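Welcome! Take a moment to look over the sequence and the fold, and then let us walk through them together.

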Amino acid sequence: MKSFEYTVKDELGIHARPAGLLVKEAKKFQSECTITKGDKTKKLTQLMMLMSLGVKQGDTVTVSAEGADEDTAIAELKDFFENNL
């Protein structure tokens with residue numbers, strides 16, 4: 001399993017538009033992609049589960065990928081977070 005931590009910079013946190021794009025991005029990979037905030041972990045491929053985390057500006061999350069192409073998934077998800085959140 002590969003992972004990275006990210007502190008959300010977007011003043012709205014993870015809101016509907018970037019969350020939808022994030023779900024689309026995570027579905028590209030042959031890896032299970034998850035996001036963790038505190039003690040809650042949700043799959044990145046499920047929009048309502050992702051939104052239920054209530055990630056706000058300043059929250060630190062851990063993004064993980066496990067599976068066939070986890071290296072690619074982590075690299076592309078990290079880029080997504082840095083450029084969209």
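## A word before we start

A residue counts as buried under 20% relative accessible area, as exposed over 50%, and as partly exposed in between. Glutamate 76 has a relative accessibility of 31%, so it is partly exposed. Please keep in mind that this is a predicted model.

## The nonpolar core

Let us begin on the inside. The largest nonpolar core holds 24 residues, and Ile35, Leu44 and Phe81 have the most contacts inside it. At least two core residues come from each of strand 1 (2-7), helix 1 (16-26), strand 2 (31-37), strand 4 (60-67) and helix 3 (70-84). Helix 3 gives the largest share, five residues.

Leaving aside residues up to four places away in sequence, isoleucine 35 touches a list of residues including Ile14, Leu44, Leu50, Leu53, Val61, Val63 and Phe81.

## Strand 2 and its partners

Strand 2 is largely enclosed by the rest of the structure, because five of its seven residues are buried. Strand 2 pairs with strand 4 in the antiparallel sense over six bridges, and here threonine 36 stands opposite threonine 62.

Strand 2 also pairs with strand 3 (residues 40-43), again in the antiparallel sense, over four bridges. Isoleucine 35 has lysine 42 of strand 3 as its bridge partner. The two strands form a hairpin with two residues between them, and glycine 38 in the turn has a positive phi of about 65°.

## Salt bridges

Side chains of opposite charge can pair when their charged atoms come close. How many salt bridges does the model have? The count comes to four.

One of them joins lysine 2 and aspartate 71, at 3.4 Å from N to O. This pair links distant parts of the chain, with lysine 2 in strand 1 and aspartate 71 in helix 3, 69 residues apart. Lysine 2 is partly exposed at 36% relative accessible area, while aspartate 71 is exposed at 52%. Another joins lysine 28 and glutamate 76, whose closest N and O atoms are 3.0 Å apart. Glu25, Lys28 and Glu76 are linked in a network of salt bridges. Lysine 37 forms a salt bridge with aspartate 59, the closest N and O atoms being 3.2 Å apart.

## A nonpolar patch outside

Finally, which residues form a nonpolar patch on the surface? They are Leu47, Met48 and Met51, with about 280 Å² of accessible area together. Leucine 47 lies in helix 2 (residues 47-51) and is partly exposed, at 36% relative accessible area.

Terms used. Residues numbered from 1 in each chain as written. Predicted model: local features only at pLDDT ≥ 70, side-chain atom pairs only at ≥ 80, totals over all residues. Heavy atoms only, no water. Patch = residues over 30% accessible without salt bridge, like charges linked within 9 Å, V, L, I, M, F, W, Y side chains within 5 Å. Areas by Shrake-Rupley, 256 points an atom, 1.4 Å probe, with all protein chains shown as cover. Salt bridge = Lys/Arg side-chain N within 4 Å of Asp/Glu carboxyl O. Buried < 20%, exposed > 50% of the residue type's maximum accessible area, 1.4 Å probe, protein only. Core = buried A, V, L, I, M, F, W, Y, C linked by side-chain atoms within 4.5 Å. Contact = heavy atoms within 4.5 Å. Pairing = 2+ DSSP bridges.
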